[in-house]
Amino acid sequence: LSGEDRSAIAFYVALQYIRTPRHREESNKMMQATIRHYMRKDVSSPDKFRLSKKEILKHQPINQHEKEALEKISLMSDEEIKKQAFEFIQGDDFMVKLTNTGHSKSILKVDRLAKELFEFQWVFFVAQKGALFVTSDNPCFTISPTKIMNGLLSPRSTVIFPLRPDLCISIKPSMKSMTEHFFELNDNQVQGINELILANSYQCIVAREKTQLENLTNSFDYKKHRKSRDVVVSESGDYTMFNIE
């Protein structure tokens with residue numbers, strides 16, 4: 001590949017990785033897990049909730065929902081407000097996620113991600129005649145033998161991205177050789193990658209041929225399918241780690 005070809009593909013891979021609904025959902029889960037953890041740690045009892053009724057009522061409502069909430073708060077004591085706020089933060093109804101603007105800022109990472117991907121080893125899997133790769137609504141994803149470090153640039157991960165029915169790219173961030181290798185895959189090998197693509201899809205799989213799609217999904221257990229990974233929080237002394245598994 002020429003440098004221009006390699007730059008274009010690197011940019012395409014990075015863009016497709018961050019633009020999927022799965023990445024959006026996992027970003028929301030990470031945001032929620034982080035904020036929940038530290039807010040619950042900081043507000044470990046109602047007495048640690050510092051906002052007073054007087055300060056809250058200074059807020060000018062911007063919609064009917066806020067207006068109704070302020071009307072209810074005006075009838076409550078400071079102790080009742082603290083108690084309800086504490087119970088909300090500690091409860092399952094406390095939800096946090098990025099706004100559309102927040103998600104859109106991910107596009108700013110593409111140049112940096114593409115620059116890193118440009119330097120890695122690339123392997124192109126070429127399907128032999130008659131075999132076809134499928135794709136999904138989560139076309140670019142990573143797989144890893146471990147539960148941690150599953151990101152696009154992680155040295156433990158492998159990036160998989162079917163570019164077209166007869167061609168699939170695999171990138172290994174652990175190998176910075178800036179080389180390309182091409183391997184022909186038989187039907188069984190293509191089927192193995194297609195099963196990975198299906199397992200890492202969000203909620204849609206696409207194939208050129210209907211019979212191939214039926215054969216691939218016939219034994220798939222949809223009830224156990226996870227559209228996105230979950231965040232696991234672990235603590236070791238003063239250190240807290242948030243990992244998507």
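Modeller: Let's start with how a residue counts as buried or exposed: buried means under 20% relative accessible area, exposed means over 50%, and partly exposed is in between, with a 1.4 Å probe and protein chains only. This is a predicted model, so local features need pLDDT of at least 70, side-chain atom pairs count only at pLDDT 80 or more, and totals for chains, interfaces and linings use all residues. Residues are numbered from 1 along each chain as its sequence is written, and side-chain values use heavy atoms, with hydrogens and water left out.

Biologist: Now the rings. How many aromatic pairs does a search of the whole structure find?

Modeller: Rings of Phe, Tyr and Trp (its six-membered ring) pair if their centres lie within 6.5 Å; planes under 30 degrees apart are stacked, over 60 edge-to-face, and the rest tilted. Here the search turns up six aromatic pairs. One of them is Tyr12 with Phe161, a tilted pair with 5.2 Å centre to centre and 45° between the planes. Tyr12 belongs to helix H1 (residues 3-18) and Phe161 to strand E4 (residues 158-164), so this pair ties together parts 149 residues apart in sequence. Tyr12 counts as partly exposed, at 38% relative accessibility, while Phe161 is buried, with a relative accessible area of 2%.

Biologist: And how do the rings of Phe124 and Phe182 pair?

Modeller: That pair is stacked, because the ring centres are 4.9 Å apart and the planes are at 10°. Phe124 lies in strand E1 (residues 121-127) and Phe182 in strand E6 (residues 180-185), so parts 58 residues apart in sequence are tied together. Phe124 counts as buried, at 3% relative accessibility.

Biologist: Which charged end sits over the ring of Trp122?

Modeller: A charge sits over a ring if NZ of Lys or CZ of Arg is within 6 Å of the ring centre and within 35 degrees of the ring normal. For Trp122 it's the charged end of Arg6, 4.0 Å from the ring centre. Arg6 also lies over the face of Phe118, at 5.7 Å from the centre of that ring.

Biologist: Next, the sheet. What order do the five strands have?

Modeller: Strands of a sheet pair through backbone hydrogen bonds, either parallel or antiparallel. In this work two strands pair if DSSP finds at least two bridges between them. The order is E3-E4-E5-E1-E6, in an open sheet with mixed pairing. Strand E3 (141-143) and E6 stand at the edges with a single partner strand each, so one side of each has no neighbour in the sheet. From one strand to the next, the twist averages 25°.

Biologist: In what sense do E1 and strand E5 pair?

Modeller: Antiparallel, over six bridges, with E5 covering residues 167-172. Take Phe125: its bridge partner in E5 is Cys168. H1 packs on the sheet, touching E1, E3, E4, E5 and E6, and its direction makes about 105° with that of E4. Helix H8 (residues 187-199) packs on the sheet as well, touching E1, E3, E4, E5 and E6, at about 110° to the direction of E6. Those angles run from 0 to 180 degrees between N-to-C directions, with axes fitted to C-alpha atoms, for helices over the stretch in contact. E1 also pairs with E6, in the parallel sense over six bridges, and there Phe125 stands opposite Phe183. E1 is mostly covered, with six of its seven residues buried.

Biologist: Last one: where is the place of Ser228?

Modeller: Ser228 is in the loop between helix H9 (210-217) and strand E8 (231-236). Ser228 counts as buried because its relative accessibility is 5%. Beyond its neighbours within four places in sequence, Ser228 is in contact (heavy atoms within 4.5 Å) with Arg22, Glu25, Glu26 and Lys29.

Biologist: Which side chain makes a polar contact of 2.3 Å with the side chain of Ser228?

Modeller: A polar contact is a pair of N or O atoms within 3.5 Å; within protein, one must be able to donate a hydrogen and the other to accept it, and residues adjacent in sequence count only if both atoms are side-chain atoms. The 2.3 Å one is with the side chain of Glu25. Another polar contact, of 2.9 Å, joins the side chains of Ser228 and Lys29.

Key:
Helices (H or I, at least four residues) and strands (E, at least two) are DSSP runs, numbered from the N terminus.
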